[in-house]
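Me: I am new to this structure and should like to go through it by question and answer. Please show it to me first.

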Amino acid sequence: MSLQQSSRQEIQNALTYFKAGRQTEALAACRNVPPDDPAYAEALHLNGVIAFRAGDAALAADLIGRAVGLKPGYREALANLGHALRRLGRSAEALAAYREAIALDPANATLQNSLGTALLEQGSLDAAIAAFRAATILRPDYAEALNRLGGALRQKGELDAAIAAFARLVALHPDRAELHNNLGVALAEAGRPAEAIEAFRRALAIDPRQTEAHVGLASILRQQYKLDEAMQAFRRAVEIDPTLADVHMAIYAIAQALGDKATALAHQRQALQVKRVFSEWSGAATTARNILILNAPGDWQANIPTDFLFDKARNNLHTYYVCDDAAGSAALPPCDIVFNAIAEPDAVRSNLLLAERLIGTMRKPWLNDPKRVLETTRDHMAAKLRGIGHCVIPRVRRAARRDLAAPSFDRFLTAGGAALPLLIRPAGAHAGNDLAKIDNGDQLAGYLAEVAADEFYVTDFVDYANGDGHYRKYRFIYIGGVPYPFHLAISRHWMVHYYNADMDSDWKRREESHFLADHSHRFDASLQHALEAIGQTVGLDYFGIDCSITADNRLLLFEVDVGMIVHLMDPIAAYPYKHRYVPRIFQALESLIEARIAGAA
């Protein structure tokens with residue numbers, strides 16, 4: 001046997017060992033091929049492939065690159081060189097290797113798929129789609145290329161084409177759960193929820209542990225307000241993978257909507273054990289602003305609900321939970337502006353202090369000074385705003401439980417110069433939670449027996465019924481000191497909330513529509529002056545107030561609340577005027593953000 005024949009036999013032996021998983025023997029066989037033998041390029045190539053599979057991409061690129069240098073036109077080595085260079089992040093060189101290989105073998109679908117993958121990693125979306133399409137034309141049943149084509153089309157926003165690719169894939173491989181899931185994701189993004197639900201359920205029938213399908217199904221059910229079903233699906237996902245922090249936060253939100261505060265907080269704690277920053281990325285990745293939102297752990301009252309506030313088409317939103325062990329600003333994502341959404345000075349005072357220190361280290365423009373949020377307790381606001389003209393500001397006093405128990409309560413009344421009836425609620429409570437009107441000592445005793453809180457706010461009660469026997473509560477949202485009407489609730493009961501005010505009545509909606517269109521029809525010049533003075537005195541970039549108008553035409557202020565929600569969840573068919581006027585609030589916030597960023601430039 002000649003030396004060349006011997007080297008060829010060693011290469012064949014090496015390949016046999018390699019395919020059998022006997023890498024050490026494969027390498028030994030390669031070493032028996034001398035450097036001056038024509039087969040040496042193949043030995044180098046096989047050594048490089050073994051190094052690549054062992055995780056050493058740098059060695060692989062070196063060995064395979066030498067093989068290509070010794071044997072120009074070595075198509076298989078060029079393809080594997082592309083793989084190694086991709087692993088090293090050397091995308092331009094990888095693309096050159098793949099293209100040279102394709103020039104040698106243009107009908108190779110695998111090479112077209114590899115080229116598409118490298119182009120996708122480089123951000124060349126259109127070229128990647130063309131390569132994946134070429135691969136699927138060459139091999140119509142090429143599952144990997146079809147899947148990547150569908151993903152790239154989704155990324156580009158060509159959802160119908162993506163759905164077609166995934167549908168082909170599912171028809172070819174009906175038993176693969178992840179493919180049904182990918183089809184479901186594209187259908188959901190295309191606004192075809194019924195078909196998406198069916199795809200997710202098919203995925204779960206094949207593989208009940210497909211977490212992405214549980215999350216996709218739950219997300220659609222949540223959008224449809226099927227909260228119990230959504231909760232079940234989200235919970236199944238975190239049972240399979242407890243590290244899904246975003247899913248824990250979704251459960252937190254749903255549990256609060258269902259009135260299960262304990263479950264909500266438990267899942268929030270689990271989420272924050274995994275990570276502290278939750279990001280929502282806009283589709284305009286290169287032009288979008290980055291807004292860092294500061295939140296505090298706690299229930300829905302702790303923070304401004306920001307889900308509806310910002311234009312998600314033009315803003316990347318990064319919500320950071322400021323905890324007792326808060327990280328420094330270096331650990332946070334880059335941002336253009338900081339929005340302090342921590343809202344409840346009684347419940348999360350320590351988090352506001354941390355936020356204040358954090359903002360001080362960031363050298364970024366910001367909205368909603370934590371120091372001023374700390375001043376928005378009910379008692380402090382009542383005292384601070386009392387001098388505003390054309391306003392009625394009921395007195396608010398903070399009281400410990402012991403101060404309200406008999407006989408201390410009589411001394412409490414005398415010391416404050418107050419008289420029954422009074423309003424009482426726990427410190428830090430909002431939305432009428434545990435709010436009661438106390439007309440006598442027996443009612444107070446019964447209230448204290450039922451409400452387990454240590455501190456309370458006690459407020460003078462002002463009867464604000466109108467001549468028609470209804471109570472009206474107007475809500476304004478302040479953006480940059482300017483009040484924007486948000487809603488009007490009209491009720492027969494003094495404790496007015498929008499959700500229980502029966503605003504389905506046509507006459508109530510007409511009145512609310514007139515208020516939102518132009519509140520000056522009801523709030524004359526003196527009342528508007530009072531509104532403006534409240535905005536200047538509070539001094540926050542974003543907050544809300546609830547108020548009414550007394551019989552003698554003064555503004556009756558109920559509360560200043562930083563955490564008031566602004567949304568457009570009311571059905572447009574029933575409340576078309578809200579969808580016409582409420583967006584002014586969002587637009588004003590966008591303009592304020594733009595101005596604040598420009599001013600800091």
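Reply: Two strands are said to pair if DSSP finds at least two bridges between them. The model shown is a predicted one, and the answers below should be read with that in mind.

Me: In which sense do strands β11 and β12 pair, and over how many bridges?
Reply: Strand β11 covers residues 471–479, and strand β12 covers residues 482–491. The sense of the pairing is antiparallel, and the number of bridges is 9.

Me: Which residue in the turn between β11 and β12 has a positive phi?
Reply: The two strands form a hairpin, with 2 residues between them. The turn residue with a positive phi, about 60°, is Gly-480.

Me: Why can strand β12 be called largely enclosed by the rest of the structure?
Reply: A residue counts as buried when its relative accessible area is under 20%. Strand β12 has 10 residues, and it is largely enclosed because the number of them that are buried is 8.

Me: What distance separates the end C-alpha atoms of helix α9, and what span should its residues give?
Reply: Helix α9 runs over residues 143–156, which makes 14 residues. At 1.5 Å a residue, the helix should span 20 Å. The end C-alpha atoms agree with this, as their separation is 20 Å.

Me: Against which helices do the buried residues of α9 pack?
Reply: The buried residues of α9 include Ala-143, Leu-146, Leu-149 and Leu-153. After the helix comes Gly-157, with a positive phi near 95°. The packing partners of the buried residues are α7 (109–122), α8 (125–138) and α10 (159–172).

Me: Is Leu-556 buried or exposed, and what is its relative accessible area?
Reply: Leu-556 is found in strand β14, residues 555–561. Leaving aside residues up to four places away in sequence, Leu-556 touches Val-392, Pro-394, Val-462 and Tyr-464, among others. Leu-556 is buried, and its relative accessible area is 0%.

Me: How far apart in space are Leu-556 and Tyr-474?
Reply: In sequence, 82 residues separate Leu-556 and Tyr-474. From C-alpha to C-alpha, their distance in space is 10.0 Å.

Me: Which element gives the largest share of the lining of the second largest pocket?
Reply: This pocket holds about 240 Å³ of space. Elements giving two or more residues to its lining are α1 (3–19), α3 (40–53) and α5 (75–87). By class, the lining has 6 nonpolar, 2 polar and 4 charged residues. The largest share, 5 residues, comes from α3.

Technical notes:
Residues are numbered from 1 along each chain as its sequence is written. This is a predicted model: local features need pLDDT of at least 70, side-chain atom pairs count only at pLDDT 80 or more; totals for chains, interfaces and linings use all residues. Side-chain values use heavy atoms; hydrogens and water are left out. Buried means under 20% relative accessible area, exposed over 50%, partly exposed in between (1.4 Å probe, protein chains only). Helices (H or I, at least four residues) and strands (E, at least two) are DSSP runs, numbered from the N terminus. The expected span of a helix is 1.5 Å times one less than its number of residues. Contact means heavy atoms within 4.5 Å. On a 1 Å grid over the protein atoms alone, a cavity is a set of points where a 1.4 Å probe fits but cannot get out, and a pocket is an open set with protein on both sides within 12 Å along at least five of seven lines; lining residues have an atom within 4 Å of a point. Grid points are joined across faces, edges and corners, and a volume is the space filled by probe spheres set on the points. Ala, Val, Leu, Ile, Met, Phe, Trp, Tyr, Cys and Pro count as nonpolar, Asp, Glu, Lys and Arg as charged, and the others, Gly among them, as polar.
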